[in-house]
Amino acid sequence: MLNHPQNKYRSFEFLEFSERTWPSQKITCAPIWCSTDLRDGNQALANPMDHERKFKFFQLLVACGFKQIEVAFPAASETDFNFVRYLIEQNKIPNDVSIQVMTQARADLIDRTFESLVGVKQAIVHVYNATAEVFRRVVFQKSKQEIIDLAVASTKQIKSLCQKYPQTKWTYQYSPETFCFTEIEFALEICEAVAQVWDPSPNNPMIINLPTTVEVSTPNIFADQIEYFCKNFSKREQVCISVHPHNDRGTGVATAELALLAGADRIEGCLFGNGERTGNVDLVNIALNMYTQGISPELDFSDINQVAEIVKECNELPIHPRHPYVGELVFTAFSGSHQDAIKKGFQARETQVHSYWEVPYLPIDPADLGCSYEAVIRVNSQSGKSGAAWILQQNHGIDLPRELQKDFSQIVQKISDSYKRELSHAEIWALFREEYGVSPSESEFRLINYQSNKQSHTYDVNISIEVQGQLMHLAGHGNGLLSASVKALNIKWPCQITIAEYSEHTLGKHSNSRSISYIRCVDPKGKTYWGVAIDTDIATASIQALLNAFAKSYSVNCLAAL
């Protein structure tokens, strides 16, 4: 890279426009959407779509709710021409959908384009020519007037051809292809000349499409260009102003959103941003941005993973795992602080009065896009106490006490670090069961049965347990069932544990639901031992949880003393 890039590159000229109002505007409704996946996105593929892939993509776009779909450049290839004919002849275009076709401003290509459209109910004919100074000088060696003459001649030809097929409802679309780096006054001049020929009206609709063919400035400058154009175009009320943003600077979405604030009515782009170079603007991104602001985008992405699979199949391109809204990892948190905030957000939703979505780090509810909560929190060595706790709560209804969350997270982090990868839900559940002896069959000290007798404010308890294949009978006396059981264990073995914490809850909403008990014990040195157990009888669960905690103390203290 150059030490002095200003010697080779220059900043884009700022538009002097003090009358701008777009910074104080607000998007309140969806724009008119036009998908260009089948034309602009298709021509950017290493392997352009064949008929089957194009039709599958077309069906997807219709299912998502697009009412304007640019389906082809019919004069560019037989595949495109035949695809348009197939849609028309096989009656595959819904009555509320307008197909759009594109052509350069060349007489022979325009004629061929209309051949492809014979018999269509309604269609948008899109013609373009480059208008920027660098194109006029370097590419075409033509004057401003020659560029205007080309656009006007093409418009006259298209208008004449439309009149030959009055049974079709025609819409004309003109694009000054390189609008974003065309002198603004010249862009107005050529569009005025084209509109003068077309004479737009409700019966003769027209779209003026203003592209960022190559992003050359910050989005605010493009917004100024759009608002300036809208305020100074003489037939503004008679035309639809459309934008077609590209993403060369990585600001395609911002460019489109600011253009809407500046007065644009319509947006052209592709699903997930496919297109030449860095792509066209991502229509899904814009639509779901609106959705998160409480605005219906009038498009349906309620099964976004299926949409993504079809797009990947048809484009033969991957989607980045961090791609907004659709990437594999966009609803996933590995960081401990993120996981804790998300977990608390979901807990708050269970008690909040209003229904507004307020889960930290998740701008949209994954469920609205057909995504489960399973992948929201994924656990690796960077995860904190909430990660594994969330997974146990979501998959098994287990609500770990705070201190147990800390204890288990340390175990999970250690295992994940040794594996050098994240742990699956199944691995976390197996690790939890193994570490805390959740069921009797997994415990070294297995409760066979118990009997208790309450006398005034004290309990006598007799418990039968199996320890390493041996059946043992223990008895104890205490203020409660658990304290009496602790006495029985401490009489038999010199571990001398005490109960520091106990909690329990049901794992379902029915009367026959199982219950889970959590017990934290400490030895005379202050070392902590956790035990967990699940049973349909809460007393059985609590005694077994105690045995599970005691088993850990036994291996540390009692066996070591032998």
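A: Let's start with how to read a UniProt label: positions are given in the numbering used here, feature names are shortened, and annotations may be inferred rather than shown by experiment. Here, the unreviewed UniProt entry places "domain: Pyruvate carboxyltransferase" on residues 31-305. Keep in mind that this is a predicted model, where local features need pLDDT of at least 70, side-chain atom pairs count only at pLDDT 80 or more, and totals for chains, interfaces and linings use all residues. Residues are numbered from 1 along each chain as its sequence is written, and side-chain values use heavy atoms, leaving out hydrogens and water.

Q: How many disulfides does a search of the whole structure find?

A: A disulfide is a covalent bond between the sulfur atoms of two cysteines. The test is a pair of cysteine sulfur atoms within 2.5 Å. The whole structure has zero. Take Cys191: the nearest cysteine sulfur, that of Cys230, is 11 Å away. For Cys314, the closest cysteine sulfur is in Cys64, and at 12 Å that's too far for a bond.

Q: Is Cys314 buried or exposed?

A: Buried means under 20% relative accessible area, exposed over 50%, and partly exposed in between (1.4 Å probe, protein chains only). Cys314 is buried, because its relative accessible area is 0%. Cys191 counts as buried too, at 0%.

Q: Where does Gln339 lie, and which residues is Gln339 in contact with?

A: Helices are DSSP runs (H or I, at least four residues), numbered from the N terminus. Gln339 belongs to helix 12, residues 336-349. Contact means heavy atoms within 4.5 Å. Leaving aside neighbours within four places in sequence, Gln339's contacts include Ala333, Ile377 and Ser386.

Conventions
Helix = DSSP H or I, 4+ residues; strand = E, 2+ residues; numbered from the N terminus.
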